[in-house]
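Please look at the sequence and the structure that follow, and then read on for a guided account of the fold and of its aromatic rings.

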Amino acid sequence: SWVLLKSTVLRAVRYSQEQQLLDLEFRSGAIYRYSHFLPNQYADFLAADSHGQYFNHHILNRFPVQQLRPAYRKRA
């Protein structure tokens, strides 16, 4: 189940320890799935003072990723 985050960039996180999958929902509405994400890394992410900074330094471009949902379209 999703855990809401207090972050200006990220809205929520979901983690599967059995499959080592991290799902991140961004405030844009986009959802990305990161694979091979270890339980201790998830614990570190949750404990981080800034989830956005943790993402930028420890997740972005470091794990296989797939987009599950694109960002919301802005209305004209």
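In the protein chain, 42% of the contacts with a separation of 6 or more are made by residues 24 or more positions apart, where a contact means heavy atoms within 4.5 Å. The model is a predicted one, in which local features need pLDDT of at least 70 and side-chain atom pairs count only at pLDDT 80 or more, while totals for chains, interfaces and linings use all residues. Residues are numbered from 1 along each chain as its sequence is written, and side-chain values use heavy atoms, with hydrogens and water left out.

The protein chain has two helices and five strands, these being DSSP runs numbered from the N terminus (helices H or I, at least four residues; strands E, at least two). Read from the N terminus, the elements follow the order β-β-β-β-α-α-β. The radius of gyration of the protein chain is 12 Å, close to the 11 Å that the globule rule gives for 76 residues, so the chain is as compact as a globular protein of that length; the radius is taken over C-alpha atoms, and the rule is 2.2 Å times the number of residues to the power 0.38. Along the principal axes, the C-alpha atoms of the protein chain fill a box of roughly 45 × 25 × 25 Å.

Of the 76 residues of the protein chain, 37% count as buried, which is to say under 20% relative accessible area, with exposed meaning over 50% and partly exposed in between (1.4 Å probe, protein chains only).

The aromatic side chains deserve a separate look. Rings of Phe, Tyr and Trp (its six-membered ring) pair if their centres lie within 6.5 Å, and planes under 30 degrees apart count as stacked, over 60 as edge-to-face and the rest as tilted. By this rule the count comes to seven aromatic pairs. One of them is the edge-to-face pair of Y34 and F55, at 6.0 Å centre to centre and with 70 degrees between the planes. This pair links distant parts of the chain, since Y34 belongs to strand β4 (residues 31–35) and F55 to helix α2 (residues 51–59), 21 residues apart. Y34 counts as buried at 4% relative accessibility, and F55 is buried as well, with a relative accessible area of 6%.

Another pair, F37 with F63, is tilted, at 5.0 Å centre to centre and 55 degrees between the planes. F37 counts as buried at 0% relative accessibility, and F63 counts as buried at 13%. Together with Y15 and Y42, F37 and F63 form one aromatic cluster.
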